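These are my notebook entries on a single structure. I record what I looked up, one topic at a time.

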Amino acid sequence: MITGAASGIGAASRRTLEAGGHTVIGVDLAHTDVTADLSTPGGRAAAAAAVTERSGGVVDGLVCCAGLGSLSHVPGGKLIAVNYFGAVELVMSLKPALERADGASVVVISSSSTTTQPGVPEDLVTACLRGDEAEAVRIGDEVTAIPAYPASKLALAWWIRREAVRPDWIGNGIRLNAIAPGMIDTPMTNGDDLDPELAKALDFYPVPLGRRGRPDEIAALVEFLLGPGSTLFCGSVVFADGGTDAQLRQQDWPAAWNPTPDELTRHFPAKT
C-alpha cells in the first residue's frame with residue numbers, strides 16, 4: 001500500500017514496485033485506487049478499512065508518501081494533520097493487516113530538513129509525539145507551514161525510531177524505517193501552487209551533488225527497504241539528499257553515546 005500514490009515519490013514508488021511484480025494499492029485524494037483525505041481521522045479510518053478489504057486483510061508493505069509542503073499557502077495545522085497524524089494513524093490502523101504478513105515492512109517519508117533547517121519548534125514536535133492532534137494543529141497554524149514542515153517530519157522520524165524497537169512491532173515481524181529525502185523534483189518543489197517568493201529559497205539550498213533528486217531514486221530506496229535485502233534495518237532513518245546533511249552537519253552524526261549510570265542499567269539490566 002502506498003499513500004500519496006498519485007504523484008511525486010508515491011507515484012514513482014508505485015511504478016517501481018509494480019515493475020517488480022508487486023500488487024500495489026494506492027491511496028490519494030484522487031486518481032488512484034482508494035480516495036481518502038488523510039488530514040481527518042475519518043479519512044484515515046476509511047482508507048485503512050478500504051485497504052484492509054482490498055488486500056484481504058494482509059498487507060506486506062506500507063509506504064507513507066502522502067504529505068504537504070511548506071512552500072505553498074497551506075495552513076501549518078493541516079500540514080501537521082497530513083504529514084504526521086495521517087501517517088502514524090494509518091500505520092497504527094493497519095497493524096493487524098501487517099501482522100498477518102510474513103515479515104512486513106513499513107517505510108515513511110521523513111525529510112533532511114529535520115536536521116538542516118534551523119528553528120524547528122520543539123513544542124510542536126512534542127505535541128505530535130504525545131498524540132495530541134488538536135494541540136499540534138493549533139501550534140502548526142500559529143507557526144505557519146515553513147517551520148511546521150520540518151517539525152512534522154522530525155516527529156515522524158522520532159516516532160519510527162521509538163516504535164520500531166518495541167516488541168509489539170519488531171516482535172511481530174514488522175520493520176519500521178524512514179527515508180529522509182533532500183530536495184526532490186516533485187510538485188512539492190516545482191508545483192503550480194508554490195509561493196514564488198518562498199520558492200526562491202530553493203535556489204540557495206546546498207546540494208553537493210549539484211542537482212535535485214529524482215522521485216525514482218527515492219523509489220529505488222523504498223523498494224530496497226521493503227525487500228529481503230534490508231531485513232537488518234529496524235528504526236533506521238536513511239538520508240538520500242545529495243550530501244546536504246553531510247555538508248552542514250559533518251560531525252554531528254554519528255554521535256558518541258555517553259549514557260548515565262541509570263541509562264546503562266535500563267538498557268543492560270543485570271542478570272540474576
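I looked up Thr-144 and found it partly exposed, because its relative accessibility is 41% (buried is under 20% relative accessible area, exposed over 50%, partly exposed in between, with a 1.4 Å probe and protein chains only). Thr-144 sits in the loop between α7 and α8, and its phi is positive, near 75°. Helices here are DSSP runs of H or I with at least four residues, strands are runs of E with at least two, and both are numbered from the N terminus. I note that the model is predicted: local features need pLDDT of at least 70, side-chain atom pairs count only at pLDDT 80 or more, and totals for chains, interfaces and linings use all residues. Residues are numbered from 1 along each chain as its sequence is written, and side-chain values use heavy atoms, with hydrogens and water left out.

I then turned to His-31, in the loop between β2 (26–28) and β3 (34–35). His-31 also has a positive phi, near 65°, and at 79% relative accessibility it counts as exposed. Most residues other than glycine have a negative phi, and most peptide bonds are trans.

**Cis peptide.** I found a cis peptide bond between Trp-253 and Pro-254, with omega about 0°. Pro-254 lies in the loop between α12 (244–248) and α13 (261–267).

**Helix α6.** Which residues of α6 (residues 122–130) are buried? I list Leu-124, Val-125, Ala-127 and Cys-128. They lie on the same side of α6 because they cover an arc of only 160° around the axis, the arc being that of the directions from the helix axis to the C-beta atoms. On the other side, Glu-122 and Arg-130 are exposed. The cover over the buried residues includes α3 (76–93), α7 (133–143) and α8 (145–164). Just after α6, Gly-131 has a positive phi of about 80°.

**Cysteines.** I counted zero disulfides, taking a disulfide as a pair of cysteine sulfur atoms within 2.5 Å. The sulfur of Cys-64 has its closest cysteine sulfur in Cys-65, at 7.7 Å, which is too far for a bond. Cys-128 is in no disulfide either, and the nearest cysteine sulfur, that of Cys-64, is 15 Å away. Cys-128 is buried at 0% relative accessibility.

**Arg-175.** I placed Arg-175 in strand β6 (residues 175–181). The side chain of Arg-175 instead reaches the backbone oxygen of Ser-230 at 2.7 Å, and one of its polar atoms lies 3.2 Å from the backbone oxygen of Phe-233.

**Salt bridges.** I counted 16 salt bridges. One joins Glu-163 to Arg-166, with the closest N and O atoms 3.0 Å apart; Glu-163 is buried at 6% relative accessibility, whereas Arg-166 is partly exposed at 37%. Asp-245 and Arg-249 meet in another, at 4.0 Å from N to O. I also traced one network, in which salt bridges that share partners join Arg-211, Arg-214, Asp-216 and Glu-217.

How values were computed:
Polar contact = N/O pair within 3.5 Å; in protein donor to acceptor, adjacent residues only side chain to side chain. Contact = heavy atoms within 4.5 Å. Salt bridge = Lys/Arg side-chain N within 4 Å of Asp/Glu carboxyl O.
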